[in-house]
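Reader: I have a model open and want to learn how to read its features. Can we take them one at a time?

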Amino acid sequence: MENCLFCKIVAGDIPSAKVYEDELVYLFEDIAPTAPIHYLCIPKELISKLDEIDETNSAVIAHIYEVIAKLAKDLDLKDGFRVVTNCGENAGQSVFHIHFHLLAGRPLQWPAG
């Protein structure tokens, strides 16, 4: 999608602080972090929202969680971490390319923070 911010990041048209990349996913630092560790993990293929996951693309979502689990071990996040995704404007989704926030490095409150 030509106007998709995250597609442009994956393509290298917009710079980002890459944390991890493989053939399916790209993980980078959030530009407005809300925790000491705040990364975004996205599929390279465009899936706009969580409710668009189906049997044709669910494997990449499983892979994202595998990458997050490995990264959490590599970063020694024994004290915990949070993974968040929003679906739709009313849920707070502002970029319509599915993405998963990995948050850690401080006590996290619920529902805010």
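Predicted model: local features only at pLDDT ≥ 70, side-chain atom pairs only at ≥ 80, totals over all residues.

Reader: How many aromatic pairs does the structure hold?

Author: Three. Take the rings of Phe 6 and Phe 28: their centres are 5.6 Å apart and their planes stand at 75 degrees, so the pair is edge-to-face. This pair joins distant parts of the chain, with Phe 6 in helix 1 and Phe 28 in strand 2, 22 residues apart. Ring pairs also bring in Tyr 26, which forms a cluster with Phe 6 and Phe 28.

Reader: How are the rings of Tyr 65 and Phe 100 arranged, and where do they sit in the chain?

Author: Their centres lie 5.5 Å apart and their planes are at 70 degrees, so this pair is edge-to-face. Tyr 65 belongs to helix 2 and Phe 100 to strand 5, 35 residues apart.

Reader: Now helices. How do I read one?

Author: An α-helix has 3.6 residues a turn, so residues three or four places apart point the same way. In helix 2, the buried residues are Val 60, Ile 61, His 63, Ile 64, Val 67, Ile 68, Leu 71 and Ala 72.

Reader: What covers the buried residues of helix 2?

Author: The cover includes strand 1, strand 2, strand 3, strand 4 and strand 5.

Reader: What span should helix 2 have?

Author: Helix 2 has 17 residues (58-74); at 1.5 Å a residue they should span 24 Å, and the end C-alpha atoms are 25 Å apart, which agrees. After helix 2 comes Asp 76, with a positive phi near 60 degrees.

Reader: And pockets?

Author: Rolling a probe the size of a water molecule over the atoms shows where empty space is left. Here the largest pocket holds about 480 Å³ of space. It is lined by 28 residues, and the closest to its centre are Asp 30, His 38, Leu 40, His 99 and His 101.

Reader: Which element gives the largest share of that lining, and how do the residues of the lining divide?

Author: Helix 1 gives the largest share, three residues. By type, the lining has 15 nonpolar, ten polar and three charged residues.

Reader: Last, a loop residue. Where is Ile 98?

Author: Ile 98 sits in the loop between strand 4 and strand 5. At 1% relative accessibility, Ile 98 counts as buried. Its contacts beyond four places in sequence include Cys 41, Leu 50, Ile 61 and Thr 85.

Technical notes: Residues numbered from 1 in each chain as written. Heavy atoms only, no water. Helix = DSSP H or I, 4+ residues; strand = E, 2+ residues; numbered from the N terminus. Buried < 20%, exposed > 50% of the residue type's maximum accessible area, 1.4 Å probe, protein only. Contact = heavy atoms within 4.5 Å. 1 Å grid on protein atoms, 1.4 Å probe; cavity = no way out; pocket = protein on both sides within 12 Å on 5 of 7 lines; lining within 4 Å. Points joined across faces, edges and corners; volume = space filled by probe spheres on them. Nonpolar A, V, L, I, M, F, W, Y, C, P; charged D, E, K, R; others polar. Expected span 1.5 Å × (residues − 1). Phe/Tyr/Trp six-rings, centres within 6.5 Å; stacked < 30°, edge-to-face > 60°.
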